[in-house]
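Let's walk through this model together, starting with the overall picture and then moving on to the charged side chains. Have the sequence and the 3D view open as you read.

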Amino acid sequence: PAMSTGSLSSDDILQPDSDELLLVQGLNDKLVQEAEFARQQAEEIARREQELVLTCVTQIETANRELADLKENTIAREEVSVRQGEELAELRRRNFDLEQAHVELSQEKKEMQKCLDVTATRQDDLASQI
């Protein structure tokens, strides 16, 4: 609109220049597009974040199950180790007892052999006297 050299009319103030209007509309459209792009990006980021959270939860659950299995295996192995230690101690006691019995039996055998030798000598003496 043409402007008079005096003051602006109310029509001039209320109706912006069509070029300005197109510029503002273009800027608004661009901002709307940028906002839509930002919204789509935010949704994609939220979707990826949700996937990562689910992946992490799954991995943590798997790790917890594996840890529980390892704990059970460790406890079972410790129990076996303790039991084997007890069995080993019992075998050592039995071995010691058997060694002691062997020593005692060896002594008894020597004494019996002496008795047999004495008896055989007496038998020979008696046989020669007869």
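Of the 130 residues in the chain, buried ones make up 0%. The chain exposes about 12300 Å², and carbon and sulfur atoms supply 57% of that area. Keep in mind that this is a predicted model. Its mean pLDDT is 91, with 88% of the residues at 70 or more.

What does the secondary structure come to? Two helices and zero strands. Helix α2 covers residues 18-129. How well does its span agree with what you'd expect? At 1.5 Å a residue, the 112 residues of α2 should span 166 Å, and the end C-alpha atoms sit 161 Å apart, so the two values agree.

Now for the ends of that helix. At the start of α2, a side-chain oxygen of Asp 17 comes to within 2.7 Å of the backbone nitrogen of Asp 19. Further along, Ser 128 also has its place in α2. The side chain of Ser 128 reaches the backbone oxygen of Asp 125 at 2.8 Å. Is Ser 128 buried or exposed? It counts as exposed, because its relative accessibility is 58% and the cut-off for exposed is over 50%.

On to the charges. How many salt bridges does a search of the whole structure find? It finds six. As a reminder, side chains of opposite charge can pair when their charged atoms come close. Here are some of the pairs, with the N to O distance for each:

| Arg | Glu | N to O distance |
|---|---|---|
| Arg 39 | Glu 36 | 2.3 Å |
| Arg 39 | Glu 43 | 2.3 Å |
| Arg 47 | Glu 51 | 2.3 Å |

Take Arg 39 to begin with. Its side chain meets Glu 36 in a salt bridge, and it meets Glu 43 in another salt bridge. Arg 39 and Glu 36 both lie in α2, three residues apart, which is about one turn of the helix. Arg 39 and Glu 43 are four residues apart in α2, so about one helical turn separates them.

Next comes Arg 47, which forms a salt bridge with Glu 51. These two are four residues apart in α2, so again about one helical turn lies between them. Arg 47 is partly exposed at 39% relative accessibility, and Glu 51 is partly exposed with a relative accessible area of 42%.

One caution before you build on the coordinates. Over residues 1-5, pLDDT stays under 50, and the model has four contacts there beyond four places in sequence. Where pLDDT is low, the predicted coordinates should not be read in detail.

How values were computed
Residues are numbered from 1 along each chain as its sequence is written. This is a predicted model: local features need pLDDT of at least 70, side-chain atom pairs count only at pLDDT 80 or more; totals for chains, interfaces and linings use all residues. Side-chain values use heavy atoms; hydrogens and water are left out. A salt bridge is a side-chain nitrogen of Lys or Arg within 4 Å of a carboxyl oxygen of Asp or Glu. Buried means under 20% relative accessible area, exposed over 50%, partly exposed in between (1.4 Å probe, protein chains only). Accessible areas come from the Shrake-Rupley method with a 1.4 Å probe; for residues, only the protein chains shown count as cover. The expected span of a helix is 1.5 Å times one less than its number of residues. A polar contact is a pair of N or O atoms within 3.5 Å; within protein, one must be able to donate a hydrogen and the other to accept it, and residues adjacent in sequence count only if both atoms are side-chain atoms. pLDDT is the predictor's confidence in each residue, from 0 to 100. Contact means heavy atoms within 4.5 Å.
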